[in-house]
Amino acid sequence: MLYHLGDPRFRFMWDAPPPNEWVALDCETTGLNTRTDDIIAIGAVRIRGNRVMTSERLELLVRPDKQRVTADSVRVHRLRAQDVALGVSADAAMLQLMRFIGSRPLVGYYLEFDVAMINRVLFPILGMGLPQEQIEVSGLYYDYKYKQLPSDRRENPAIDLRFDTLMRDLDLPLWPAHDALNDAVMAALAFVKLRHLR
């Protein structure tokens with residue numbers, strides 16, 4: 001993969017990650033289409049061992065390139081066009097994000113969507129997407145709940161993977177959703193708790 005890296009300044013992303021460190025990540029976007037919508041906010045926080053390092057966080061507003069901030073999206077994340085107009089460009093946000101993440105594995109809830117949005121912006125810069133390992137919190141939660149089921153109920157189990165259900169069941173604080181930093185911190189807390197429970 002390093003052979004295809006478009007910018008050698010970012011070779012550090014392939015270094016061995018610091019032991020017992022991760023980065024929880026969340027993005028807010030103009031919509032849910034990974035090909036046409038834009039990132040308008042990024043929240044990330046480092047996790048070290050069993051501690052969520054809220055003093056080591058990244059919180060960015062991002063100016064959308066193409067898509068307008070619609071009334072529907074404002075209702076979801078409460079970010080208006082004039083709010084994100086003051087943000088950094090998507091390219092500048094990616095450079096800050098890559099330096100913040102380093103080579104640490106990524107943690108998130110519905111992380112596949114966030115990484116797809118980020119990779120669309122990163123590909124012209126790097127020639128590839130994020131190389132870090134990705135850990136899906138809902139997958140960890142599913143495994144945890146599945147192991148608690150009696151063996152006769154393990155075929156096609158109905159496990160509620162909604163974020164608010166997961167947070168309540170783990171007895172973790174539920175902060176206002178659709179705020180990138182809040183969502184990243186909550187995913188980090190869930191990750192730490194699920195690691196402990198496993």
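This is a predicted model: local features need pLDDT of at least 70, side-chain atom pairs count only at pLDDT 80 or more; totals for chains, interfaces and linings use all residues.

Visitor: Which strand or helix gives the most to the lining of the largest pocket?

Guide: The largest pocket holds about 520 Å³ of space, and 22 residues line it, with Asp26, Glu28, Leu32, His178 and Asp183 closest to its centre. At least two lining residues come from each of β1, α1, α4, α6 and α7. The element that gives the most, with four residues, is β1.

Visitor: How many residues of that lining are nonpolar?

Guide: The lining of the largest pocket includes six polar residues and five charged ones. The nonpolar residues of this lining number eleven.

Visitor: How many residues apart in sequence are the parts that Tyr109 and Phe163 tie together?

Guide: Tyr109 and Phe163 form a tilted aromatic pair, with 4.7 Å from centre to centre and 40° between the planes. Tyr109 lies in the loop between β4 and α4, whereas Phe163 belongs to helix α6, so their pairing joins parts whose separation in sequence is 54 residues.

Visitor: Is Phe163 buried or exposed?

Guide: Residues under 20% relative accessible area are counted as buried. Phe163 has a relative accessibility of 14%, so Phe163 is buried.

Visitor: What kind of pair do the rings of Tyr142 and Tyr146 form?

Guide: Tyr142 and Tyr146 are four residues apart in helix α5, which separates them by about one helical turn. Planes under 30 degrees apart count as stacked. The ring centres of Tyr142 and Tyr146 lie 6.0 Å apart with the planes at 15°, so the pair is stacked.

How values were computed: Residues are numbered from 1 along each chain as its sequence is written. Side-chain values use heavy atoms; hydrogens and water are left out. On a 1 Å grid over the protein atoms alone, a cavity is a set of points where a 1.4 Å probe fits but cannot get out, and a pocket is an open set with protein on both sides within 12 Å along at least five of seven lines; lining residues have an atom within 4 Å of a point. Grid points are joined across faces, edges and corners, and a volume is the space filled by probe spheres set on the points. Ala, Val, Leu, Ile, Met, Phe, Trp, Tyr, Cys and Pro count as nonpolar, Asp, Glu, Lys and Arg as charged, and the others, Gly among them, as polar. Rings of Phe, Tyr and Trp (its six-membered ring) pair if their centres lie within 6.5 Å; planes under 30 degrees apart count as stacked, over 60 as edge-to-face and the rest as tilted. Buried means under 20% relative accessible area, exposed over 50%, partly exposed in between (1.4 Å probe, protein chains only).
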